[in-house]
Amino acid sequence: MKEQLAKAEESVAKLQANRNDRWYPTFHIAAPGGWINDPNGVSFFKGRYHVYFQHNPFSTHHATMHWGHVSSTDMVTWKREPIAFAPSIEADRDGVFSGSAVSSDDGDTMYVYYTGHRWANGVNEDEGNDQVQCLATSQDAISFEKQGVVVRGPEELPHFRDPKVWKMGDTWYMVFGACSVENRGEVWLYTSANMEDWEFDSILFRDPDPEAFMLECPDFFPLGDKWVLVYCPMGPAISGYANRNGHNAGYVVGTWAPGEPFIQTKEYDLEDWGHNFYAPQSFESPDGRRIQYGWMGSFNHPLASQEADGWSGQLTVARELSLNADGALTAWPIAEVEELRVSTREIGPVNLGFDESLRLVDDATAVDIELEIDLAATTANRVGLQVHKTEDGHHSYVYYDDLAGRVGIDGRLSYAGESGYRAAAVNPGADNKLQLRILVDRGSIEVFVNHGEATVTSFSFPADGPRAIELCSEAGTAAITDLRVHSLRSIWEN
């Protein structure tokens, strides 16, 4: 694999040398150049956090997949590591697809399980795929030795990929997504006693939606006395505000124990309501938190950075997951994000008149905004922040819509990228206060509502020039009880 990795590093260095940084993230993980998609192998090993990701080092489009890699001691400052995997054996000749990483029982070896991908005709998917689950091992999480195929599914399955591995008791478990011979999306479960020999256990879950023909990137983990199954169904139709993207990620909650069936107790729901959130993967940190990364990107709508800027796609900030009192999944930026703050401007409380706007920041590149709205004292149809606002009037609007009862990101006046809006339903609670936390990077927005009860994640590509932030009320007044803007530093070493 050394020769293939050397070619990949040479190519990505060329892309990096000519990269346009106008929208390149300051505090989100992205490759130095080229394309990325799914987070892979998120883990803690020998004192460092590791995040790998699907990566094409040869262009800004999805093609033959490699694994990029970054690491950190604290999830605050990150180091770029060499590309970890390249296609190099027959089983993965057309792509080292997604997977997960775990430590051996003695903690000395990292085991990475990934999908080896081959096109049946050697060119494209027109005649189907050959997908198998492969193993690679490492003592330093940087250089890996491929061990070959460990799971071959039934040959008739058209899709069979994305292994996620964990251990309970003396047994290792592996789930991955599948498309059944009846064209139904399923999650399959395998078990192993030694991490190398795997046996089929059961079909853990079948999506009740007959239009969901494949469940990509499954993640299965406990929270409290429940188990959460996160997956990405391919095929479901648009339904109101839901499934508006070409690829969407959601979850179900239930009960499960080894040897028993998964009993679903909560209906499927989207995990994020924005334009760009897919393929999330989580791990348990040493202090017991369930931490998740997602992919910000798109297979269906080309990103504005792809054609000229030399890079495409980034990961979300790390999110801590939990279940609320209603049994719904919540997501909130990990506490470490606050360590990136270098300055704070206290602005609230603020009262806006009818159709009034107030400029908060003249030029913001990377900020963390905390905003609380008193809905009982607000009459506006919509109230929120115009971010990435340039002199030509282009901007993205992070808003609360009182008529719809939703928080969203409106991209219809953004400079570049996908237009339209996405929005999540919210419940202000007994005090009738709405709390928003908004992370704005050079080319992206992540909105967290009411301590994580809903999230909305989208790209936002501004025009050239200063990028202002303005607070606005529409067709009414707005009462803002708390407002802070924190400037953030880069996550990268040096």
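Strands E1 and E2 form a hairpin with 2 residues between them, strands (E, at least two residues) being DSSP runs numbered from the N terminus. In the turn, Lys46 has a positive phi of about 50 degrees. The model is predicted: local features need pLDDT of at least 70 and side-chain atom pairs count only at pLDDT 80 or more, while totals for chains, interfaces and linings use all residues. Residues are numbered from 1 along each chain as its sequence is written, and side-chain values use heavy atoms, with hydrogens and water left out.

**Strand E1 and its partners**

- E1 and E2 run antiparallel and are joined by 7 bridges; two strands pair if DSSP finds at least two bridges between them.
- E1 is also joined to strand E19 (residues 311-312), by 2 bridges, and these two strands run parallel.
- Trp35 has a bridge partner in E2, Asn56, and stands opposite Ser312 in E19.
- Because 11 of its 12 residues are buried, E1 is largely enclosed by the rest of the structure. Buried means under 20% relative accessible area, exposed over 50%, and partly exposed in between (1.4 Å probe, protein chains only).

**Nonpolar cores**

- The largest nonpolar core has 40 residues. A nonpolar core is a set of buried Ala, Val, Leu, Ile, Met, Phe, Trp, Tyr and Cys residues joined through side-chain atoms within 4.5 Å.
- Phe27, Ile29, Val51, Met75, Trp78 and Tyr293 have the most contacts inside this core.
- Strands that each supply at least two residues of this core include E1 (34-45), E2 (48-56), E17 (278-284) and E18 (290-296).
- Leaving aside neighbours within four places in sequence, Ile29 is in contact (heavy atoms within 4.5 Å) with residues including Val51, Trp78, Tyr293 and Trp492.
- A second, separate core of 38 residues includes Ile369, Leu375, Ile469 and Ile480.

**Salt bridges**

- The structure holds 31 salt bridges. A salt bridge is a side-chain nitrogen of Lys or Arg within 4 Å of a carboxyl oxygen of Asp or Glu.
- Glu90 and Arg93 form one of them, with the closest N and O atoms 2.4 Å apart.
- Glu90 counts as partly exposed because its relative accessibility is 46%; Arg93, with a relative accessible area of 34%, is partly exposed.
- Glu90 and Arg93 belong to a network of salt bridges that also links Asp94, Arg118 and Asp130.
- Glu470 and Arg359 meet in a salt bridge of 3.0 Å, N to O. This pair links distant parts of the chain, 111 residues apart: Glu470 is in strand E34 (residues 468-474) and Arg359 in strand E25 (residues 357-361).
- In this pair, Glu470 counts as buried at 10% relative accessibility, whereas Arg359 is partly exposed at 43%.
- Arg412 and Asp410 meet in a salt bridge of 2.6 Å, N to O, and Asp410 is buried, with a relative accessible area of 7%.

**Asp374, a buried charge**

- Asp374 lies in strand E26 (residues 367-374).
- Asp374 is buried yet has no salt bridge. The nearest side chain of opposite charge, that of Lys433, is 4.9 Å away; Lys and Arg count as positive and Asp and Glu as negative, with His and the chain ends not counted.
- A polar atom of the Asp374 side chain lies 3.1 Å from the backbone nitrogen of Ala376.
- Apart from neighbours within four places in sequence, Asp374 is in contact with Asn432, Lys433, Ala479 and Thr481.

Methods. Helices (H or I, at least four residues) and strands (E, at least two) are DSSP runs, numbered from the N terminus. A polar contact is a pair of N or O atoms within 3.5 Å; within protein, one must be able to donate a hydrogen and the other to accept it, and residues adjacent in sequence count only if both atoms are side-chain atoms.
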